[in-house]
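Hi,

Here is the structure I promised to pass along. Have a look at it first, and then read on for what turned up in it.

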Amino acid sequence: MLRIITDFDGPIVDVSERYYRVYQICLDKTRNPRQKVRKLTKGEFWQLKRSRVPETQIGIISGLDTAQAQEFSQLRKQTVHTQPYFQYDNLGDGAVDTLLQIQQAGIDLAVMTMRRVRELNYAFNQYDLGKFFSEDRRYCLGNDYIKTGDTKDKPLLMSRALQELPPAYDTWMIGDTEADIVAAKSHGIKVIALECGIRDRNQLEQEEPDLIVKDFSYAANLILEQSLQTI
Ligand SMILES: [Mg+2]
């Protein structure tokens, strides 16, 4: 059995609009009523996120002072993964076609995400994606799980998945952040990093994934081609 374990935000869903909306709201809430700030464009904001500029720095670049930037960062962290903001997420280009392609090729597919159960279910319902992932192929955080950090939490999920899932002759991880790459590499799993998500190529290269490609569709096609060659 050939298996793909895919991250969710990045490969399948584009979160940039949610993150940008929350940025704007937090900036507005943090600034003083008469304070002039410099609201970044979505392109500027997303490029900063992709190059891993810290939130406090994004606050300062936007015209906040140091104390406000701390407050802004805290507020953002409390807000970004809450309702009603998930409605701003968009399906990635070609994501559903790619999921269909994987399913039709008979590849075992699991999702591994730092979303909580309710957050994952929300998106599954929103875009009718549940049909691609059976209950025992959903690796996410519990609704009450206390997060420590993605690069710590995700390897724990990977470890659980590798204990629970039936053996596969070949497994690939697909993801868009350092957490995905660390989770895979710490368990000897091959990993393809995607440039369509929240990290730019330069950031991804530092974590040394096996491959870096444009998006989910490219990654899936590469895996499919390779599997055909093996046969
Ligand atoms: Mg991701």
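A quick definition before the metal site: donors here are N, O and S atoms within 2.8 Å of the metal, and water is not among the atoms, so sites may look incomplete. Please also keep in mind that this is a predicted model.

With that in hand, the magnesium ion is coordinated at 2.1 Å by D7 (OD), D9 (O) and D176 (OD). Along the chain, these donors follow the spacing D-x1-D-x166-D. The site brings together distant parts of the chain: D9 sits in the loop between β1 (2–6) and β2 (13–14), while D176 sits in the loop between β6 (170–175) and α8 (178–185), 167 residues apart.

How many residues meet where the two domains touch? On the domain 1 side there are 16 residues in contact with 13 residues of domain 2. Together the domains bury about 1200 Å² between them, and carbon and sulfur atoms give 41% of that area. Three residues stand out on the domain 1 side: Y122, I198 and D200 supply 37% of the area that domain 1 buries against domain 2, more than any other three residues.

As for polar links across this boundary, the count is 9 residue pairs in polar contact, with both partners at pLDDT 80 or more. Helix α6 (residues 117–127) gives the most to the side of domain 1 that touches domain 2, contributing 3 residues. By type, the residues on that side divide into 3 nonpolar, 3 polar and 10 charged.

The number of salt bridges between the domains is 1. E178 pairs with R52 in a salt bridge, and their closest N and O atoms are 3.4 Å apart. You'll find R52 in the loop between α2 (42–50) and α3 (55–61).

Across the whole structure, the search finds 24 salt bridges. One of them joins the side chains of R3 and D108, at 2.7 Å from N to O. This pair also links distant parts of the chain, with R3 in strand β1 and D108 in strand β4 (residues 108–116), 105 residues apart.

P84 lies in the loop between α4 (66–79) and β3 (90–91).

Over to you, and happy browsing!

Conventions:
Residues are numbered from 1 along each chain as its sequence is written. This is a predicted model: local features need pLDDT of at least 70, side-chain atom pairs count only at pLDDT 80 or more; totals for chains, interfaces and linings use all residues. Side-chain values use heavy atoms; hydrogens and water are left out. Contact means heavy atoms within 4.5 Å. Buried area is the accessible area (1.4 Å probe) that two parts lose on being put together, summed over both. A salt bridge is a side-chain nitrogen of Lys or Arg within 4 Å of a carboxyl oxygen of Asp or Glu. A polar contact is a pair of N or O atoms within 3.5 Å; within protein, one must be able to donate a hydrogen and the other to accept it, and residues adjacent in sequence count only if both atoms are side-chain atoms. Helices (H or I, at least four residues) and strands (E, at least two) are DSSP runs, numbered from the N terminus. Ala, Val, Leu, Ile, Met, Phe, Trp, Tyr, Cys and Pro count as nonpolar, Asp, Glu, Lys and Arg as charged, and the others, Gly among them, as polar. Donors are N, O and S atoms within 2.8 Å of the metal (3.2 Å for Na, K and Ca); water is not among the atoms, so sites may look incomplete.
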